[in-house]
Amino acid sequence: MVFELNYKSGKPVYLQVVDQVKAAVASGAARPGDPLPSIRPLAEDLRVNRNTIAKAYGELESQGVIETVVGKGCFVTDQASPLRKDARTRLLTAEVDAAVVQAHHLQIARAEFLRLAEERFESFAKRRARASQG
Amino acid sequence: MTPMTAETPAIEIVNLVRRYGRTEAVNGLSLRVEPGRCYGFFGRNGAGKTTTIKCLLNLLKPTRGSVRVFGRDPARHEVEVKSRLAYVPDQVAFYPWMTVAQTLEYFASFRDRWNRDTERLLVDRFQLPLDRRTSHLSKGQRTELALVTAIAAEPDLLVLDEPTSGLDPIVRREFIRTVIGAYQEGAPGRRTVFVSTHLIAEFEGLIDEFTIIDHGREVLTLDADTARARYQKIYARFASPPASLAVEGAQIVHRQGRELQFLVSGDAGAVKARIAAHSPETIEAEALTLEEIFVSTLQAPEVRA
């Protein structure tokens, strides 16, 4: 898993780590059972506070994306989210709302937005397929 | 990590004033560092950073105001305070006749705690020549030796005063990796870092919270993530160049033909929506890095044509 931090994104650093792990899982770059890098070497590599990585892993664990095995480290789970369907829908609605607002300001029309969403689903499906072959 | 406010702060400075003759080096400074945090103390040369740090270490007495380290007055409980902190200054001075090995022994003799494994690991990592006299070390090696003496003592508070200035980029990189790795590893929730620097970019990822000081006064104190969310540059291009465009909460810092660059220091989302209401062709936002926030805070932006 390759992490890249961007301090110009305005997004909290720990959330960037959370989102990149989630993207890696969604694209198949990280599969259930795969280990995550240990906190210390990852923090040293990215030159971020150790607590930032610990916070990101804590967040991923509470969302059910990863689990900690005592003495062995963190692993990607098989994605049975502990949250109920309506709670998950609510979480995603907030994200979609933000994208809709962004689309408005970028003058991206509704049809174009929906086409883009289709295309991104396709793109992730292809990456997952490639990852499972490789 | 959420700071636990009920805990005694690692550092608490209240209305600190320190004069040299008639000059006020520090002029009413207050700040508070929670345990386990990595706190940046940013200012230009001569802003009062080193004077403040010397008051923390009881190397200088405050003219007015109070300084507490772990809730203790460093002037009255000097031994207790100093046993819990380690300090790496800008100009490191060792006894020139001692070798590296002797210097390490000498420092260890003052400490209740001294981690031999950490000492060996870091001496290896930095490839410090144990039998060389400290007078024959390079500036980088002297700083590395100071860092070893600081970290092997496993202090609760690590005070760094311009630690990387004058070092080459490789040494700087290793220095920061060591602070993150070797120092924070032991008890990450309790290991507090207070770092004064003007080389802010290098410490960007390490800093949880910071204070910018200028002319001995606090100018800005913020959590690093909050700061980057709040301070943004917004680029907007318009179909026809607007003659004048006043947007509440934003300052125009650059103008080139149909393109305007705004600087936002409040609610970036709301300001972006306000600019968008003027129907620009494109609009993009970018967070300021801590270094850019430092520069923009200390230097009133001018509109350049």
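This is a predicted model: local features need pLDDT of at least 70, side-chain atom pairs count only at pLDDT 80 or more; totals for chains, interfaces and linings use all residues.
Residues are numbered from 1 along each chain as its sequence is written, while chains are lettered from A and ligands numbered from 1 in the order in which they are written.

In chain B, three strands make up an open sheet with antiparallel pairing, in the order β2-β1-β4. Strands here are DSSP runs of E with at least two residues, helices are runs of H or I with at least four, and both are numbered from the N terminus; two strands pair if DSSP finds at least two bridges between them. The edges are taken by β2 (23-33) and β4 (64-69) of chain B, each of which has a single partner strand, so one side of each is left without a neighbour in the sheet. On average, and with direction ignored, neighbouring strands of this sheet are turned by 25° against each other. Helix α1 (residues 49-56) of chain B packs on the sheet and touches β1, β2 and β4 of chain B, its direction making about 115° with that of β1(B). Such angles run from 0 to 180 degrees between N-to-C directions, with axes being lines fitted to C-alpha atoms, for helices over the stretch in contact. Contact means that the C-beta atoms of two residues, placed from the backbone, lie within 7 Å.

The pairings can be followed strand by strand. Eight antiparallel bridges link β1(B) with β2(B), and B:Y20 has B:T23 of β2(B) as its bridge partner. These two strands form a hairpin with two residues between them, and B:G21 in the turn has a positive phi of about 60°.

A residue is buried if 20 or more other C-beta atoms lie within 10 Å of its own, exposed if 12 or fewer, and partly exposed in between, with C-beta atoms placed from the backbone. B:V193 lies in strand β7 (residues 192-197) of chain B and is buried, with 24 other C-beta atoms within 10 Å. Neighbours within four places in sequence aside, B:V193 is in contact with B:C38, B:Y39, B:L158, B:L160 and B:V179. In helix α10 (residues 290-298) of chain B, the buried residues include B:L290, B:I293 and B:F294. They cover an arc of only 100° around the axis, which puts them on the same side of α10(B); the arc is that of the directions from the helix axis to the C-beta atoms. Among the elements covering the buried residues of α10(B) are β3 (38-42), α7 (200-203), β8 (209-214) and α8 (224-230) of chain B.

In soluble globular proteins, nonpolar side chains tend to be buried together. The largest nonpolar core has 97 residues, of which A:V21, B:A150, B:V159, B:F194 and B:I234 touch the most other members. A core of this kind is a set of buried Ala, Val, Leu, Ile, Met, Phe, Trp, Tyr and Cys residues joined through C-beta atoms within 7 Å. Not counting residues up to four places away in sequence, B:A150 touches B:A86, B:Y87, B:V88, B:P155 and B:L158.

The contact between the chains takes 19 residues from chain A and 24 residues from chain B. On the side of chain A that touches chain B, α2 (39-46) and α3 (50-62) of chain A are the elements that give two or more residues. The residues of that side divide into eight nonpolar, five polar and six charged. In this count, Ala, Val, Leu, Ile, Met, Phe, Trp, Tyr, Cys and Pro are nonpolar, Asp, Glu, Lys and Arg are charged, and the others, Gly among them, are polar.

Chain A has five helices and two strands, running α-α-α-β-β-α-α from the N terminus on, whereas chain B has ten helices and 13 strands. Buried residues make up 20% of the 134 residues in chain A and 39% of the 305 residues in chain B.
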